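Subject: Structure for you to look at

Hello,

Here is the structure I said I would pass on. Please open it first; my notes on what was found follow below.

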Amino acid sequence: MLHKIRTYYLLLCMMVCIGSQAQTLSDEARISLVTCTPGSELYARYGHTALRVLDPVNKIDISFNYGIFDFNVDHFYWKFVKGETWYELGASSTRWFMYEYEQEERPVYEQVLNLTPEQRQSIWKALLINFEPENRQYLYNFVFDNCATRPYVLIKKALGDSIISDYRGYTGVSYRSFLRHYTGKWTWENAGINLLFGPKADQPMETEQRLFLPEELMRYMQQAHLADGTPLVSEGTIGSFATPTTAWYASWPFGLVLFFLFVCAMSVHDRRSGKWSWWIEAVVAIPYIFLLLVVFFLTFFSCHPLVGFGWRLLIIPITHLCARIIYIVR
């Protein structure tokens with residue numbers, strides 16, 4: 001859902017938008033919801049969302065997205081861990097916006113919104129206001145305020161909060177299960193997320209809560225209509241996001257089994273030799289204590305909404321204890 005910042009990208013943003021701020025959209029203009037499929041990097045695993053403004057009369061073709069961030073800001077990683085990462089609205093020629101996804105062979109879906117001229121102008125004006133330097137940045141929140149929720153809020157506001165959708169999707173499914181669809185159930189990334197997530201991640205999502213992910217927003221809008229029954233999407237195709245697959249030998253359960261068998265083998269060796277391989281406890285305890293400290297910090301001192309202590313944190317010590325039981329009960 002994130003989009004890497006680049007110098008040429010921001011320069012292009014400024015050039016395009018400064019020349020377009022005074023424009024009023026023509027009757028031939030149209031605004032589209034653009035949904036980009038996932039990439040291989042973890043930060044891109046959930047896809048991305050943008051709003052495209054196309055006006056052939058005024059020669060405007062700009063894509064706005066709320067996923068710009070800068071690795072070079074002071075203390076970026078510290079702020080990221082605390083959940084105090086500032087993102088900003090970016091704008092560029094649609095041609096340049098699409099270029100990266102074409103290079104990575106990532107399909108992009110576009111849904112043209114069925115809007116009146118007044119509604120299109122309202123969204124266009126809001127985007128230009130949001131792109132002003134004093135308004136461009138916002139405090140990013142993965143679940144409640146991100147690149148997908150912001151376009152939806154703009155569209156909904158322009159329509160007077162009258163969006164109705166028949167799409168139920170993942171309604172009633174927990175955040176944890178929902179995200180697993182994009183990280184892959186057996187991947188190490190999903191294992192790490194599960195260790196960091198607490199009970200809040202097991203709460204079921206309702207209605208609009210699931211629209212923080214681009215694919216859900218895309219499908220929600222495809223089946224959306226106004227109070228009078230007018231479809232919200234006038235044209236455009238959608239598709240499914242590919243679910244990551246993991247070879248059995250690269251999955252976290254297989255790694256856990258290997259860890260269990262190794263500690264079992266060392267326990268048998270210790271029992272026969274009458275010695276205690278204390279270094280095994282150190283190898284397990286040090287990373288585990290560090291993990292607990294990270295979860296403690298994220299729970300009480302960060303803005304991340306879903307992290308916290310949960311029973312999954314006990315998987316590591318329980319696995320270790322079960323493997324060591326041979327020595328302990330001898």
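Val283 counts as exposed because its relative accessibility is 51%, and the cut-off for exposed is over 50%. This residue lies in helix α10. Please keep in mind that this is a predicted model.

Val283 also belongs to a nonpolar surface patch of about 930 Å². Helices α10 and α11 (315–328) each supply at least two residues of the patch.

Helix α10 also has a covered side to its account: Ile280, Glu281, Val284, Tyr288, Leu291, Val295 and Leu298 are buried. As a reminder, an α-helix has 3.6 residues a turn, so residues three or four places apart point the same way.

Next, the strands. Six of the seven residues of strand β2 (residues 30–36) are buried. β2 pairs with two strands that I would look at:

- With strand β3 (residues 48–55) the pairing is antiparallel, over seven bridges; here Ser32 stands opposite Arg52.
- With strand β6 (residues 108–113) the pairing is antiparallel too, over five bridges; here Thr35 stands opposite Tyr109.

The largest nonpolar core has 40 residues, and Phe64, Ile155, Met221 and Leu232 touch the most other members. At least two residues of this core come from each of β2, β3, β4 (60–69), β5 (86–93), α4 (117–131), α5 (149–158) and α8 (214–222). Another core, of 18 residues, lies apart from it and includes Tyr109, Phe178, Phe197 and Leu213.

For the overall picture, the protein has 330 residues, of which 46% count as buried. There are 11 helices and 10 strands. The C-alpha trace spans about 85 × 45 × 35 Å along its principal axes.

Regards

Technical notes. Residues numbered from 1 in each chain as written. Predicted model: local features only at pLDDT ≥ 70, side-chain atom pairs only at ≥ 80, totals over all residues. Heavy atoms only, no water. Buried < 20%, exposed > 50% of the residue type's maximum accessible area, 1.4 Å probe, protein only. Helix = DSSP H or I, 4+ residues; strand = E, 2+ residues; numbered from the N terminus. Pairing = 2+ DSSP bridges. Core = buried A, V, L, I, M, F, W, Y, C linked by side-chain atoms within 4.5 Å. Patch = residues over 30% accessible without salt bridge, like charges linked within 9 Å, V, L, I, M, F, W, Y side chains within 5 Å. Areas by Shrake-Rupley, 256 points an atom, 1.4 Å probe, with all protein chains shown as cover. Salt bridge = Lys/Arg side-chain N within 4 Å of Asp/Glu carboxyl O.
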